[in-house]
Amino acid sequence: MKIQNKILIGVLPVVFVGIIAIGFASLRLSSSMLLDQIRQNTMLMSEGFADELNTQLVKYGRIVQSGAADILTSINIDDSFRAERALFPEFEHFVYTAPRGEVLRVFPANDALERLDFSSKNYWQSAQNGEMAISEVHDDFGYLAITICAPVLIHFSGSPPELQGVVCVALPTEKLFDKLSRVVVGDTGEVLIVDRNLTILNKLGPAHFGELSRADLAPGDARRDVAEAIVNERIGWSSYSTEQGDFFVSFAPVSVVDWSLVITGSLDELTADVAQLKALTLAVLLIALLLSGVVIFFDVRGVIRPVRQLTELISAVAKDDLNVRVEVDSQDELGRMAGAFNHMMERIQNLVEQLHYRLAFEDLILRVSADFLKIHQRDNIDDWLRGVLEQCARFTRADHAYLCLIDAHSENSDAPDVRHFEYSVDLQATAPQRRWTREEFPWLVAKLAANETIFLRTLEDLDAEAVVERAYFESLGVRSLVIVPMGYEGRLLGCLGLEACSEAAFAVEDLPLIQLLEEIITSAIERDRVDHELRLHRNNLEGLVEERTDHIQAINRRLRREIEERERAEAAQGESEQRYRTLIEQSVEAIYIFDATSREIFETNEAFLELLGRANDDGNGEVLALKDFVVNDPTVTDEALANLRQQRAIPLTECTWRTREGRIVNVQVTASFMRTGARELVFVVARDITAQKMLQAQLVLTDRLVSIGTLAAGVAHEINNPLAFVIANLDYLNTELGELFAETGSNARHDEVLHILSRTEAGAERVRSVVQDLRTFSHSGDEALGAINLHEVLDSALSLASSELRQRAKLVRNYAKVPLVRADVTRLGQVFLNLIVNAVQVLPPDRPFENTITVSTALQADGRVLVEVSDTGSGIGPEVLSRIFDPFFTTKSVGVGIGLGLWICHNIITSLDGEISVKTQLGEGTTFSVLLMTADAKRISQSMHKIALTSRQTE
């Protein structure tokens, strides 16, 4: 065997091992880099969709804010909402609420929404604080939707904005996620919108709103990755395995709300090309190994060069160079392997180009969408449409891009007419104008009228009946085209067309993106049309206003002449009426005139309105009638009016009226009858005698109380004399028995007798104390103001009320060190006794161990002394609290009270230059507070006056 053959045989295994190692290394490196590229592209896709949704939400938020800003200047809120909905039909309901959440207007009308309380909604509360708010998905409106709220603010110079209301717009989720639902991600992939709870929002239906469909998202770590991404607002990728296979999850945040956009699908489908690449590369490597073994035996030199070249190319592939090709001209196995490698690289490059193309098209859509939001800032959208068509044509490499609109003056509304928006790649050439009528192009117009997209990779794909259309497009040199109809709310507006002079210029995958571009252009055209109609309407309205203004001015001039003549004629009558009105208005008596038939008040004076506590127009513009204030008035009965028609006047009569606040007043009225034309009027003069009646009742009560006090003083005096005898005898008996028992020797029985005797003596002393207090409080005569010990007066009052107090509640004394107060001991004791007895009577009798009455004293910062009497009763209602110090007002049953206790307390404290007030809380209790002047308050006041004078002199 030759040395060369031995070398070849020895080198062969080394060559085989080297080729295998290089092949697998290159395969692993290239597969890993392709997977990373696919992962990055998927994350870019999810980020693009998330940005698009985020941009859409921001756009809606700005639209709602703009609508809220126009509310204050809108003549009719419904017309404003109707115009907004015409521009944005995806908005389902518009709600305008007051600053506290009451619904003021709903468009379209909805009874359920008018009764909805928005004050408890978080998104409404955010808008109430002056911020635009977007809610989570809810069914508050009867369907799944999100709510966009914006405050209605009014601005005044030099002050912060003031909230006038909140505008809430409901956006159904099925409209919000409509575009995303049409996105196709492979055969098994889908686009999902999830919230913080991982609820899949675009899968929820009305029947199972609120149920978490988390199992459809991802299990295990992938679920946790998505949850963390929502919280941290980051973009990411995750994969997981199940029994059905391997799956991926790509996610990106929607920053306006706490959502995340998730793209999920089969990982095997996504990496199918990579798997094919691995299989193909492995096959190529095996073929290379077989060919290398054969070629090495026959021609070492012929094999080494292609293998070295192939190795270099694989290394280049590992460095992301996909443009490399194997240059082998041989027809053997090595040549076929090189051809397979070249085919594999071409397919990989095509896949990458398609992905870049798709991402670039999506970037175009995003740019066009962003420019669409700025259209309202331009006077004409023609430039924007030309720019969109130019970008679309250059991107798709179309020879012509055009926009056809329906001819508004055509008799047939289905016949599209060409608008002047056309674009040609050859800027020097002029694209042919188009006018497609139903008579000339029946097949084409029928397709557009049926809202069908025309997609032709070649003219051979045209239907057999489209003979005219085939000849037309052939005459223009068109070989492939896409025509997308533009419809809005069931109306055909026109179409968007792309034409190329080469076949198969457009791919099926481009259709969803082209249709999305068509929707943006349709929205812009419709918005421009609505703006144009609004401008025409405004111009017509301004012309009509000018015409009506001239007409009104002519009428005003004629009326002015008539008014001047009438004023001269009515001047004399006005002077007479003025004298009559002055007499009535300046009268101190309450005067009113009413219609004898309808019983409605015809005229009143200020004294009458002041007596009833009403404004000139009754507070709300309503006509005041007799039934509004008359309680018992015999002068307004049918019998009295019949007599009044005959006698023409009735004498003074007492009756009762009710004021606006519900207070009953006593009045003396006299009435007279007068007739003016066909109208019968009654002239009534009334005098308020409520104070007089109260004074009479008070005098009666005072006489009764004086009699009771005199009787109590006499009874106390009669008891005091025998009581002194009993106490003296008990004291003597206690002393004598003590000495006797001491001499004879004390025992348990003797001690018991002495103990009982001591208790009897203490009881007698207690009786004497009660008699002394009774004599003190029954003292009559002139007031004797002096410096008194407040705590002694309180203890005396508590002593008189102790029998009833012990049975109803616990007593708590919180006495602070206070100075002497300036008051009359008898009258001040009467005040505190009334307050303590009232506090005892409001407590439930069946809970003596839970009820508490607290008597507190304290010295205030202004030098006055505070006394508080608190109870743990049921409190005082607001309807009673406003009248608690009125005379003869009581909530007690007949025989228990007459309603003068608190009124007397108020008069006594006020006469002492003090104050009395009440604080209450329903279900918790009531506290009466009394502020009294100290005995040296006059000296303190004089000292403060001197200090104030000194301060003013210093200044």
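**Exercise 1.** Is L541 buried, partly exposed or exposed?

*Solution.* The structure is a predicted model, in which local features need pLDDT of at least 70, side-chain atom pairs count only at pLDDT 80 or more, and totals for chains, interfaces and linings use all residues. Residues are numbered from 1 along each chain as its sequence is written, and side-chain values use heavy atoms, with hydrogens and water left out.

Step 1. Recall the classes: buried means under 20% relative accessible area, exposed over 50%, and partly exposed in between (1.4 Å probe, protein chains only).

Step 2. L541 has a relative accessibility of 42%, so L541 counts as partly exposed.

Step 3. Locate the residue: L541 lies in helix α15, residues 511–585. Helices (H or I, at least four residues) and strands (E, at least two) are DSSP runs, numbered from the N terminus.

**Exercise 2.** Determine where C404 lies and whether it is buried or exposed.

*Solution.* Step 1. Strand β10, which covers residues 400–406, contains C404.

Step 2. The relative accessible area of C404 is 1%, and therefore C404 is buried.

Step 3. C404 and L496 are 92 residues apart in sequence, yet 6.5 Å apart in space, C-alpha to C-alpha.

**Exercise 3.** Describe the open sheet that contains β26 and β27.

*Solution.* Step 1. The sheet has five strands in the order β22-β24-β25-β27-β26, and the pairing is mixed. Two strands pair if DSSP finds at least two bridges between them. Strands of a sheet pair through backbone hydrogen bonds, either parallel or antiparallel.

Step 2. Identify the edges: β22 (810–814) and β26 (915–921) each pair on one side only.

Step 3. From one strand to the next, the twist averages 15 degrees. For angles, axes are lines fitted to C-alpha atoms, for helices over the stretch in contact, and angles run from 0 to 180 degrees between N-to-C directions.

Step 4. Strand β26 runs antiparallel to β27 (residues 925–932), and seven bridges join the two. K919 has T927 in β27 as its bridge partner.

Step 5. Helix α22 (residues 825–841) packs on the sheet and touches β24 (852–859), β25 (865–871) and β27. The direction of α22 makes about 170 degrees with that of β27.

**Exercise 4.** How many helices and strands are there in the protein chain, and what share of its residues is buried?

*Solution.* Step 1. The protein chain has 25 helices and 27 strands.

Step 2. Of its 955 residues, 40% are buried.

Key:
Contact = heavy atoms within 4.5 Å.
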